[in-house]
Amino acid sequence: MNFLSSLWWVWLVAGALAAAIPVIIHMIHTARAPEVPFPTLRFLKTAAEKTARRRRIENVLLMLLRMLLFAALAFALSRPFLSEAFGLFDEQKSGAAVLVLDNSYSMNVRQGEDTRFSKAKQEARAILESKWKPAQAAVLLTNPGVQPLPAKLVADRAKLFADIDGAQVSSSRADLVGTLKAAYALLDKTPSADKRLWVLTDRQALSWEGLQNFDEPRMHADIPVAIIRPTEPSFTNVALTSAEVVSRSRVVGMPIRIDVSVRNAGPAPEKRNILLFVDDFGQARQKTPVDLAPAGTPGSARLATFTHVFDKPGPHRILVALEGTDSLDVDNSRRLALVIADRIPVLLVKQQQADVPFQDADFYLARALDPLGGSSETPWAIKPVETTVANFDPAALDTYEVVFLNNVGGLQPAAVKALADYVARGRTLVVLCGSNVVPAEYNKLFVEGAAQGGLLPAKLKEPVGDAVLRNSVEKVTQVVAQSPYLEDLVDSADIYQGILVYQYMRIEGAPAEAVLARLNCGDPFLLYKPYGEGHVLLITVPATSDWSNFPVRNLFLPLAMRIVHVAARGQADRINLLAGQPFEANLYPNAKGVTTVEFTGPLGPQGQTASEQRESQTAGAKNIVKFDKTWQLGYYSWRVPSSALSEGLFATNPNGDESDLTEIADEKLRGDIGARETHVAASLSDLVSRFEDTAKRELWQYLLMVCLLLAVCEPLIANWIRPDRQRDTAHRVDGHRKAA
Amino acid sequence: MTRTTATTPHARYRYLDPETLHRLGNINVVARSVVEGFISGLHRSPHHGFSVEFSEHRPYTPGDELRHLDWIAYAKTNRFYIKQYEQETNLRAYILLDCSASMNYSSGKGLTKLEYGAFLAATLAYLMSRQQDVVGLVAFDREIRLHMPPGGSPAHVNEMCRRLEGLKSDEVTSLAKPFHDLAEMIKRRGLIIVISDLYDNEDEVIRALRHFRHKKHGLILFHIFDQAELEFPFTKLTQFIDLETEEKYQVDPKAVREAYLSELRAFIDRYKKACSDSDTEYVLTDTSVPYGLLLRSYLTRRQQIR
């Protein structure tokens, strides 16, 4: 118990003295009892003796009542209070405290001259400077990123202040729940019995994802939690939450489509322009307006589309940005790194070169992939290169995005191994079966001789049917339309049902999920298997017109092109990252041993351009270099100083989810955390004033009620034991009185 | 022998208040029981067959026996006269007045119990002498302090009043011994009027009172209290001082009032019962009741039930 009155001790002493008043009065009263003559004491004595015990009890009871009344009154005036509910402020100093500082990018929202983050840092300092400052403390950032702070309780206040002052906002989402787990783990290590947990964050609901399953506060019931979340005036925020190069063909001269998602996270409707910059950020190439409804209403999110044609191959930097500013600038732009190829190189391997072009095995396939025949005047995305099995060079495989083995037999084991490694590195292999494919040989080389259960989706069996007699015909009757290879290509059944198959390679034990198309007899026609980071497709007929009419049907050309474009897109996806996501590049085969790679980007302390080096790590056909210092937003380039062949570009963006500034209510937050003592306040001073005003359960009202009750009881008890003398006399002399 | 009726109030005596006497008028004190003496117009005599010579007439007063009414005189004068004989009445009364210290109590500015009792005694004596009765006075505390044999002359009453005025009360009460002594002393039947607060051992007092009854005396007991004794109106812590023993006793009146009144009630009821059992008239009064009013109502009632 504590006292609000600074002179509480005076009131307590007064109460003790006041409690003695009835005793003193009684003593004085006794001493000053008037003397009255009375005819006889006989009846008085008898009466007194009869009532002695009862009178003693009554006197004591009344005395106690009166003493209690005075004492309670004085005690009430000392304004005592109980503050058990605020263990946070139980003592002047706490033993240990962890301050969790939210530095996700929503904390960059501006509030006048300050940002949420700068205010949070001010509150953190205020806590460490208040009279409840902890003896030991640690500051944990929700996004340590570039500048991780040591997770250790220290008593050095200067260091703590330096940690706070040096903390910066990151470009990623907050993981408050994860950071709180670390905070509790840190507090568990201290022997101090007096612990506190402070969380300085904004009002964003997204930061508290996973709170419902967060049991740490309940398991650490003795640790009070205080969440400081400043209120703020209304804000405006339109965010570009994602930007994506949608086009599969990323080649010179081809229109490249870029989709941009934009969302209004503010309470008012917004009209903004989105600008497209390509390589030159001083001049916008395009501008598109968007009209957005208030957050949470239909029309608050839209998709904007840009289309741009690149005229040069190589790496390019794309920037989409909102015109103007709002409360949170960091999500007003998004960066894309894009490598534009001259054309997508594809290798077609056939058994042998035919003398007559239309009899060549790759006749249909080459024309499907490049109908223009390599004309340089008209841009075309794919550049097929034909070779024979005899001239097949496994060392040059990485030059190509896709390799087609079109009815090829007699491959050497080394070549097959090279193909397996090639696919494992993220490329695509398409195997077409035909008369040159010996099932036993393929099974041995491609299935039994390869890792991960085989390079092929399934083993091959002997062919079925007769391509010459054509006395049995199968049709393709089932397709997996959701497959990226068939998506939008098989909307109409006649596209694939016109495929007539006279002879095909039977497949043994193909898992159902591997089959993308089936014949009407149920045997697979088109199969798929992921292998390493790449993909393998198996077609049970060759790309010639002997075993089937597949090459001359509607599906053949678009399928072949789709295979190539899907293969090319996979590479592009890995160079646009979220801030904090690690970057990886495989230097093999350009660099086969441990290699030093130089990374250049916004790596300086303040985000200025700087370079750092990393060493790669080899593992078989891989030579991987990793870079994880991607917290700063921007473009990063990498190169192998010792080789001109290895270089690249990637870009980092903020996590678009963090632009959702939807708030979580104080009551919900308090309830979801579920700690025995959880406080949510706008600031430390707000919390303290609440503690001083209302969190202290003042007792004076109760004590005054007790005083009133005692004051009522005292005369009731006193008079209850006193008979009414008007009603009671020894004998009423009524007759004479009436006569008078 | 000419009897003079004491009709003139003795204003110079304190205990004879003319106004009260005037109010009492011609009321008589009659004996309820048979008393010894001559045949009287008021009191029944045990003696029969005595010849009594006519003495004179006196005007009829209500209550007189109609058998003594002189009808011849009425016929002549159209007025009622009573024949008086030589010795019309022979009531011998003794007034026993308690003058112990406890009788010297008054709660307010009114009469003390002793003064009240003296008023009663004087008034009764006057009334009886006026009706040709003889009355004596005994004042006592633990001993007999004053003994005036019965007399009926005005001079006797005057002397009685004078002696009453000189009474002091500063001794403890002991009723039994004086009562027994008197019971033995008084030979002839008479009327014993006790005026006291009876603060003594009830058993002994009752036994003493029965002694009077045993001697065939008529007995009237005026049990006198002060109003404060009966109501016990005290509220504050008080140190009570016993008037007889001067003993002090501090008590909270509010705490003991109920028990005190219960004790007093039991005390009074005991005397009431004892008087009822021994055919003794019992009159409870307190000093706040005007003694004249008390006597008037009592004696009137007494006359009606004779």
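This is a predicted model: local features need pLDDT of at least 70, side-chain atom pairs count only at pLDDT 80 or more; totals for chains, interfaces and linings use all residues.
Helix H5 of chain B, residues 176-185, and helix H6 of chain B, residues 202-214, have axes that come within 9 Å and cross at roughly 10°. Here the cut-off is under 35 degrees, so H5(B) and H6(B) are roughly parallel to each other. If you'd like to find the contact on screen, look in H5(B) for Ala176, Phe179, His180, Leu182, Ala183 and Glu184 of chain B; they meet Glu204, Val205, Arg207, Ala208, Leu209, His211 and Phe212 of H6(B).

Stay with H6 for a moment, and follow the chain onward. The loop between H6 and strand E7 (218-225) of chain B holds B:Lys216. What is its backbone doing? B:Lys216 has a positive phi of about 70°, although it is not a glycine. Is B:Lys216 buried or partly exposed? Its relative accessibility is 48%, so B:Lys216 counts as partly exposed.

You'll find B:Asn78 in the loop between helix H2 (71-77) and strand E2 (81-85) of chain B. With a relative accessible area of 57%, B:Asn78 is exposed, because the cut-off for that word is over 50%.

Stepping back to chain B as a whole, we have nine helices and ten strands. Of its 306 residues, 55% are buried. The accessible surface of chain B is about 13400 Å², with 48% belonging to carbon and sulfur atoms. And if we take contacts in chain B between residues at least 6 apart in sequence, 74% of them join residues at least 24 apart.

Let's move over to chain A. Its secondary structure comes to 15 helices and 37 strands, and buried residues are 51% of its 740. Chain A exposes about 33500 Å², and 53% of that comes from carbon and sulfur atoms. For contacts in chain A between residues at least 6 apart, 74% join residues at least 24 apart.

My last stop is on the surface of chain A. Which residues form the nonpolar patch there? They are Leu7, Trp8, Trp9, Val10, Trp11, Val13, Leu17, Leu73, Leu77, Trp700 and Leu704 of chain A, and together they have about 980 Å² of accessible area. The elements giving two or more residues to this patch are helix H1 (8-31), helix H2 (42-77) and helix H14 (700-720) of chain A. Which of them gives the most? That is H1(A), with six residues.

Let me pick one residue from that helix to finish. A:Val10 lies in helix H1 of chain A. A:Val10 has a relative accessible area of 33%, so it is partly exposed. Thanks, everyone!

Note on methods: Residues are numbered from 1 along each chain as its sequence is written. Chains are lettered from A and ligands numbered from 1 in the order in which they are written. Side-chain values use heavy atoms; hydrogens and water are left out. Patches are made of residues with over 30% relative accessible area and no salt bridge: like charges are joined within 9 Å, nonpolar side chains (Val, Leu, Ile, Met, Phe, Trp, Tyr) within 5 Å. Accessible areas come from the Shrake-Rupley method with a 1.4 Å probe; for residues, only the protein chains shown count as cover. A salt bridge is a side-chain nitrogen of Lys or Arg within 4 Å of a carboxyl oxygen of Asp or Glu. Helices (H or I, at least four residues) and strands (E, at least two) are DSSP runs, numbered from the N terminus. Buried means under 20% relative accessible area, exposed over 50%, partly exposed in between (1.4 Å probe, protein chains only). Axes are lines fitted to C-alpha atoms, for helices over the stretch in contact, and angles run from 0 to 180 degrees between N-to-C directions. Angles under 35 degrees count as roughly parallel, over 145 as roughly antiparallel, 65 to 115 as roughly perpendicular and the rest as oblique. Contact means heavy atoms within 4.5 Å.
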